[in-house]
Amino acid sequence: MAITTAVYKKNINNVGVWSGADVINQLEEAFTGLGWHTQDEGGHVVGITTWQGGGTSIDQTYATFDVEGYHSGVGTGAIFSCYRNSGGILEYVNVNHCGYGYTGGEMITIPAESIDAPAGQDIILYPFVHSAINGAVSYAVTCSHTSTSNFSVAGSDRNGDFDAAYHLITIKEGDTITFTNAGSASQFDLYIICGHHNSLANDLNRQIVPNVINQDAQHNGGVLTWTPLRGQAGEYALRDTNYYLGSGQFEQTNIIVQPAQDNDVTYPVIGTTTGFYDKNLLGYNNQEPFGVMRNVIEDGKRRGVTFSGFKCEDGDTDIAYGAGPFYFPFNYTDSLAAPDDSYLPNRPVTTGQYYSDMGHGYPHRWSGQYNVDLVSSAGPYQKSYRNPLQGGSVYSESWGYYSATGNGSYCIQTGNNTTFQLDLNVFRSSIDPNFAVLSYRAPTLSATNINGNTFGTFFLHKFDSNLWDLDHVFLGSHTQITREESTTTTEPYINFRTFLTGTSDLSATNSDFAAGSALCGYARYHRNYTYDDQNTFIEDYYMSMTHPYSTDGEYALNGANIHTYYRSESDLPEKNGYFSSQGSANNTSIGSVMDSNAVLKGLPLSTCMMPVPYYLPDDFVMIQFYYGSVNANIQQGDTITVSPSEIYTVIAGSYNMTTDNVTRGVLFCGRKV
């Protein structure tokens, strides 16, 4: 069967300059054409209203437990990070993965035994949920004071206008309320906290509301904003840095959040079938665009979805790739400013927005269990303050460092010829439509060989295998098709470089992997409980047997040197059982009857993997060739005719085009006819 092809173009006919943002948009278009974008089911947990329980562990200190719980509603899949401090005390509970199908107001129980708590010390928590609420209203309140014993609020709420000291303010879930701090004294910087409280130090350590924007709103004009979500109905208090608003500890400005009506609440899905699940064309520092695709590998499996991330780092246009089975697309914390997620560098470290309890950690990040779904160094949490631009967030300046590839380390290359047209060519199997090869090419860039204008060529792993169960592992790996680019080489080859994991920490000689990646079963494990950093990927070298090599012994290459069967009586070298100088009196020959140069079909994902988890469909092949003309300029898209009913299009190649007045090497091709 013939493959199908498509091309997605940027900077057509060299009319301008393309950028990393164009690369991300181009990938988005290609995956739309493949039909691989998907949306989720909505109902995502983005924070916790209250939690209690957990007790003290006598065995576990400085320990984080990433666990699910039993719930009273219909939601599923939410994971919570529960941290014990140096004394074994449960110090905070965060949302790790948002799950789906939750409706807010549900009670979730985390069993004591799953967090090493004493019997009967289950965690009971109430989440709040990403939601849209009809009939919501916006209110503005001005906060003033003339002394530490005189504080007033003026504005409006669900009950009308007010101007009074220590007023009870009433709003509903979905309403937006802003507090403008018109005071002039520093002890009146403002926070919103849960319930009635008398000690601000305790409030900030445990009870600060995580989705309030600009907690610690500064005096002389600071603005604090809050939109309660579904599940946040309850009682709250407006507090200041002087422990209380007024001369007495019980003189407080309280906030009542009423529940929204069920028929007014909707739970938006994330993602579309025509675009990335999460995308930002500015990203970190306004120069690191990214897109994250929700790619369904095996529907109905817990880890059957892979979130594949593509990012152009450091103002470059090459692509760093990362992947994981769970992804958190929201920003409801105040560590980054909505809506553009730009960093606020002047916030004091001690202020409440950096405390992690009841929130969701970094926004726009991989999520799941450390060392299984993502590497530990890319985790979304750390006790108390942590720089929101570090770790596993795609907004992080170190994102590529914790992904499968970095910007300069085995990236997917676009060529960086930004003043020339950039094509993203897609070659899709008709036998297995889940298999497609993507390749970058600059068609208007003059080239004397395929390597002069054809660049990163790769395919994502999107296949089932009877070797694993995607309830327990995930398929976050990918393969890049590289090649020897010199056209004077004596060792033409095409290399399948198969990356084993979606994220890895290569900061030391040995590495942390996301060990839940399905292909990590093929990785060598080091005695210090890390993976060999030389084994983040496995390589297969398909050598050209049509060209004589000039060194003794085996080819000087890493990985597996694949020697494909080839015989020719007429083409040098003579693969006929006897190597001799042509025309020698002692020359012997088996004869042309045994000549063989078969089209290689059924290519394994890797010959180094046993058992082989996947074979490329037969409409993608490897072809060795010997062309009797020097300097033949073979390009991507050229065709090779085996017979009138068997014609192939060139995707990638490696060949010598100068020696012995011929052109010979090896080509990776897709079947055209």
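A residue is taken as buried when its relative accessible area is under 20%. In the predicted model examined here, this criterion places both Asp373 and Arg303 among the buried residues. The side chains of Arg303 and Asp373 meet in a salt bridge, with an N to O distance of 2.7 Å. Asp373 is located in the loop between strand E27 (365-367) and strand E28 (422-428), and Arg303 in the loop between strand E21 (290-296) and strand E22 (305-311), so the contact ties together parts of the chain that are 70 residues apart in sequence.

Salt bridges that share partners also occur, joining Glu173, Arg230 and Asp262 into one network. Over the whole structure, the search identifies 13 salt bridges.

One of these pairs Lys279 with Glu28, whose closest N and O atoms are 2.6 Å apart. This pair links distant parts of the chain, 251 residues apart: Lys279 belongs to strand E20 (residues 278-280), and Glu28 belongs to helix H1 (residues 20-34). The two partners fall into separate accessibility classes. Lys279 has a relative accessibility of 30% and therefore counts as partly exposed, whereas Glu28, with a relative accessible area of 14%, is buried.

A further salt bridge is formed by Arg158 and Asp175, the closest N and O atoms being 2.9 Å apart. Arg158 counts as partly exposed because its relative accessibility is 31%, while Asp175, at 0% relative accessibility, counts as buried.

Strand pairing was also examined. An open sheet of 3 strands has the order E3-E5-E6, and its pairing is antiparallel. Strand E3 (63-67) and strand E6 (90-97) form the edges, each pairing on one side only. From one strand to the next, the twist averages 20 degrees. Strand E3 and strand E5 (residues 79-84) run antiparallel and are joined by 5 bridges. Within this pairing, Val67 stands opposite Phe80 of E5. In general, the strands of a sheet pair through backbone hydrogen bonds, in either a parallel or an antiparallel manner.

Key: Residues are numbered from 1 along each chain as its sequence is written. This is a predicted model: local features need pLDDT of at least 70, side-chain atom pairs count only at pLDDT 80 or more; totals for chains, interfaces and linings use all residues. Side-chain values use heavy atoms; hydrogens and water are left out. A salt bridge is a side-chain nitrogen of Lys or Arg within 4 Å of a carboxyl oxygen of Asp or Glu. Helices (H or I, at least four residues) and strands (E, at least two) are DSSP runs, numbered from the N terminus. Buried means under 20% relative accessible area, exposed over 50%, partly exposed in between (1.4 Å probe, protein chains only). Two strands pair if DSSP finds at least two bridges between them. Axes are lines fitted to C-alpha atoms, for helices over the stretch in contact, and angles run from 0 to 180 degrees between N-to-C directions.
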